[in-house]
Amino acid sequence: MEDIRIQDNLYMHVNQETLDRLVIPDDRPSTGGFAELAEGVEKIMMGEFEDMTANGSYPNEHLERACKLYAIAKDAEAKENHGIAPALKALSILNGINTVADFSRLYKSLVLGGIPTPINIGVDTDMKNTKRRLVYIQGAGVILPDASYYKPEAAQQKEQLIAIWANVAKMVMAKTDLSPEEQEQYVADTLAFDEIIASLAKTNEEWSKYVEMYNPMDTAEFGKMLGEMDFGGVLTDLFGRVPEIVVVTEPRYFGDFARILNGETVTLYKHWAYVTGLLKACSLLSEELRDMGGMYMRAVTGVAKMQSIEKFAYNLASGMYSEPVGIYYGEKYFGEEAKKDITEIVYQIIDTYRKRIKTNEILGDATKEKAILKLSTMGVKMGYPDKARALYEKLVFNAEESLFDIVCSLRAIRELDSLAKLDLPTEPENWAMPGHLVNACYDPFVNDITFPAAILQAPFYSLKQTRSENLGGIGAVIGHEISHAFDSNGAKCDENGNINDWWTEDDFKRFDGKVQQMIRQFDGIELPWGTVNGAFIVSENMADNGGMSVTLDIMSVTEGASYEEYFRNWARVWCVKARPEYSKMLLAVDVHGPAILRANMPPRNFTEWYTTFDVKETDQMYIAPDKRIVIW
């Protein structure tokens, strides 16, 4: 293959050999980058689970329960003996629903039993007063990966995927005790109910504007929108009282909720809940059903076969006991020297960000002062928490029960724990991610960044890498997460995480102009698997831009800095080999841009890119100076 010049395609120049070498595992939609590190952590921790179980020696009761759940989930014979019966028993509650009044009366039992409902009621942080919690109301999800798949322009793709889903649903329904005619009717009714939901549900692009989820309403007024549903009775069952305010995350959906659930659609709802609930349960039943139940998503993502029973069991157990598992991983595999070094990088980035804001051309003095206050109060969580939260003391199960019943009981404990916190203060000390997760995040409603131990390894970060490589890897990712405090969503929250208009009108107008430029820079780019939606991914692109700008600033004062090492490692961390079906789906559901664009687009906005590699106007990685965007 002809060499690809770095001036024409940074991503392919750096990663071509790796991409040629990488083989996507049969049970995964992608590999490389984040995915490859996640595979490594998975392998390490599966070995740990096996050793603990074999030795009967556990560091604490949380890990003992996680390992016991792992062993139960691995027991194919026991799952075969239980068969589909546990799920059918749980779904039998639907037999008692013949009216909307029945649905209202049984709502709490449905939720605790894991049965799908068209209205989801939960507890979360009040976005305008982050020290307290409120009741949040959300609608049901759609069968296809996103509501955008139901638009007329996606009709062909929708038809293909619905046909696959329906085929899988019929295969699974054939395992029930319903007659063939009933099975056909249930699937048809499920699709009919899904169409109603899809006509009102938010797309992922709409969900990405998370501040717009905050629509507080008087509870009594909202209750009137629900038609025949006894909303007050449902809230009393859940909370022992009727709160005065609820937050409606989907006004369009609930503005027409009476069309979704009424006396005439109750049967549609029951059949939808039965079919979708059964498909959701398949992974916890026999291996045959786990295989069947996963066929649809494997088709959507292009995955050839289901996970091994060992991987499935590990991911289930480590997910249920995520915080204790993450602490164990962090304590054993993340050293204090690395923690000290990476923390130093974090605060250097924050300090540099502060200096850059002081000289920023978008902001006036009053807004700069607020932005610097937000930076100065930003929390930093690196590695793993000191201890697991109290919830994990409650996650006890009866090992004699079926895997399905065990998992349902654990999920019910989690749900009850969450509902019970409505009147309790929020807990900003809680970690948003466990230590063994290869990821990172910014929490806008806490104003903190979290970097689990698992991402703090090469190529993102290593004590063996140069400081330039680390700045191009983890440094830029840290800068990315900090930048989320000032992206198109985060800019609407203050230093306490509260939605608060802390900008002057002129400043925000200039800022929004930059947002629109960033949208245009990506919007409409054609890739082999689809067209990029610049508005959908704008927040993440702004964060990439901010992460690069702040770390390039640090590079300018770093002794022995190598911009070539910086840009090469920047491209290296985004190296991903993905199945075409998966790449196509991500364009519709993932707020992050495709990896090749994350590697290739941000550098073009910075002078250092051009001077380091002598990039000229005739090169493909060139954009004119007046088209370059630097926000922070």
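View 1. Two strands pair if DSSP finds at least two bridges between them. Look for Ile137, which stands opposite Val248 in β5. This is a predicted model, in which local features need pLDDT of at least 70 and side-chain atom pairs count only at pLDDT 80 or more, while totals for chains, interfaces and linings use all residues. Residues are numbered from 1 along each chain as its sequence is written, and side-chain values use heavy atoms, with hydrogens and water left out.

**View 2. Step back to see the whole open sheet, with its four strands in the order β2-β3-β5-β4 and mixed pairing.** Which strands stand at the edges? They are β2 (119–126) and β4 (216–218); each has a single partner strand, so one side of each is left without a neighbour in the sheet. On average, neighbouring strands here are turned by 40 degrees against each other, direction ignored. Axes are lines fitted to C-alpha atoms, for helices over the stretch in contact, and angles run from 0 to 180 degrees between N-to-C directions.

**View 3. Strands β2 and β3 form a hairpin, with two residues between them.** β2 and β3 (residues 129–139) are antiparallel partners, joined over eight bridges. You can follow the pairing through Ile119, opposite Gly139 in β3, and through Ile121, opposite Ile137 in β3.

**View 4. Another open sheet has three strands in the order β6-β8-β7, again with mixed pairing.** Its edge strands, β6 (379–383) and β7 (441–443), each pair on one side only. From one strand to the next, the twist averages 15 degrees. β6 pairs with β8 (residues 448–452) in the parallel sense over five bridges, and Val380 stands opposite Ile449 in β8. Helix α19 (residues 336–358) packs on this sheet and touches β6 and β8, where contact means heavy atoms within 4.5 Å; the direction of α19 makes about 155 degrees with that of β6. Helix α23 (residues 467–483) lies across β7 and β8 and runs at about 145 degrees to β8.

**View 5. Helix α2 (residues 33–55) meets helix α18 (residues 322–333) at an angle of about 100 degrees, with their axes 12 Å apart.** That makes α2 roughly perpendicular to α18 (angles under 35 degrees count as roughly parallel, over 145 as roughly antiparallel, 65 to 115 as roughly perpendicular and the rest as oblique). Residues in the contact include Phe49 and Met52 of α2 and Tyr328 and Tyr329 of α18. By class, the contact has nine nonpolar, no polar and two charged residues. Ala, Val, Leu, Ile, Met, Phe, Trp, Tyr, Cys and Pro count as nonpolar, Asp, Glu, Lys and Arg as charged, and the others, Gly among them, as polar.

**View 6. The axes of helices α24 (residues 505–522) and α25 (residues 538–555) cross at roughly 100 degrees and come within 10 Å.** α24 is therefore roughly perpendicular to α25. Among the residues in contact are Phe511 and Phe522 of α24 and Val538 and Met542 of α25. This contact has seven nonpolar, two polar and no charged residues.

**View 7. Helix α14 (residues 266–281) is largely enclosed by the rest of the structure, because 14 of its 16 residues are buried.** Buried means under 20% relative accessible area, exposed over 50%, partly exposed in between (1.4 Å probe, protein chains only). From first C-alpha to last, α14 reaches 22 Å, close to the 22 Å expected at 1.5 Å a residue; the expected span is 1.5 Å times one less than the number of residues.
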